Amino acid sequence: MLKVAFFINSLAGGGAERILSTIIHQLNNRLEITLVLIEDIIEFNIPNNVKIIYLSRKGSNSENGLRKFLNIGLFAYRFAKVCKEEEIDISFSLTTRPNLINVLSKNFYKKTKKVVYEVATPSIQYENKSISSYIVKSLIKILYPKADCLLANSKGVRNDLQLNFLKNREVHTIY
């Protein structure tokens, strides 16, 4: 059976989190699923046979925006270790920070195929002139093209990625 890791910050209430919970329920009997979370927060029902692994036990409120992105190398190493130990075939990440970590983890373990699903419009989400916004936009330009598959949740997000971050790279839309 195909082994898939679904990777997101947490399962705190939100749109991407609800989407992931729905996907897990729909695919639970067809795939061997491991849910990987950065933070120990789950507000959605997850099937009992889904393995859950946490990369950190800290809550998201304990880190500021810049610090969250400065530690992605550590989380990429931890995520790669999970992929190797669990023999994950495909890792599917949602939202920017897990997407960056997912792709960066290829540097530590190359066997897992990386699927990135962007659910926000990065050029709007990171439009302010802060150092953290600059870092995130730069990382998206550098790392997203290295993903094995790029997905967006709308044509608008797809267009933003292609025009502003991923020139000459196909991005598929899954609503």
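Reply: Helix 4 passes helix 6 in a left-handed crossing (left-handed if the near helix is turned anticlockwise from the far one by less than a right angle, right-handed if clockwise). The model is a predicted one, in which local features need pLDDT of at least 70 and side-chain atom pairs count only at pLDDT 80 or more, while totals for chains, interfaces and linings use all residues. Residues are numbered from 1 along each chain as its sequence is written, and side-chain values use heavy atoms, with hydrogens and water left out. Helices (H or I, at least four residues) and strands (E, at least two) are DSSP runs, numbered from the N terminus.

The axes of helix 4 and helix 6 (residues 131-143) are 10 Å apart, at an angle of about 40 degrees (lines fitted to C-alpha atoms, for helices over the stretch in contact, with angles from 0 to 180 degrees between N-to-C directions). The two helices are therefore oblique to each other (under 35 degrees is roughly parallel, over 145 roughly antiparallel, 65 to 115 roughly perpendicular, the rest oblique). On the helix 4 side, Thr 96, Leu 100, Val 103 and Leu 104 meet Val 136, Leu 139, Ile 140 and Leu 143 of helix 6 (contact means heavy atoms within 4.5 Å). By class, this contact has seven nonpolar, one polar and no charged residues (nonpolar: Ala, Val, Leu, Ile, Met, Phe, Trp, Tyr, Cys and Pro; charged: Asp, Glu, Lys and Arg; polar: the others, Gly among them).

Helix 3 (residues 72-85) is another neighbour: its axis and that of helix 4 come within 8 Å and cross at roughly 60 degrees. That angle makes helix 3 oblique to helix 4, and the crossing is right-handed. Helix 3 contributes Ile 72, Gly 73, Phe 75, Ala 76 and Phe 79, and helix 4 contributes Arg 97, Leu 100, Ile 101, Asn 102 and Leu 104. The class count here is seven nonpolar, two polar and one charged.

As for burial, nine of the nine residues of helix 4 are buried, so the helix is largely enclosed by the rest of the structure (buried is under 20% relative accessible area, exposed over 50%, partly exposed in between, with a 1.4 Å probe and protein chains only). Among these buried residues are Arg 97, Pro 98 and Asn 99. Ser 105 lies in the loop between helix 4 and strand 5. Ser 105 also counts as buried, at 0% relative accessibility. Leaving aside residues up to four places away in sequence, Ser 105 touches Ala 76, Phe 79, Ala 80 and Lys 114.

Next comes the sheet. Its seven strands form an open sheet in the order 3-2-1-4-5-6-7, with parallel pairing (strands pair if DSSP finds at least two bridges between them). Strand 4 (residues 90-94) runs parallel to strand 5 (residues 113-118), joined by five bridges, and Leu 94 stands opposite Tyr 117 in strand 5. Helix 4 (residues 96-104) packs on the sheet, where it touches strand 1 (3-8), strand 4 and strand 5, and its direction makes about 155 degrees with that of strand 4.

Strand 1 is covered on both faces, with Lys 3, Ala 5 and Phe 7 buried on one side and Val 4, Phe 6 and Ile 8 buried on the other. Six bridges join strand 1 to strand 2 (residues 32-37), and the two run parallel. In that pair, Lys 3 stands opposite Glu 32.
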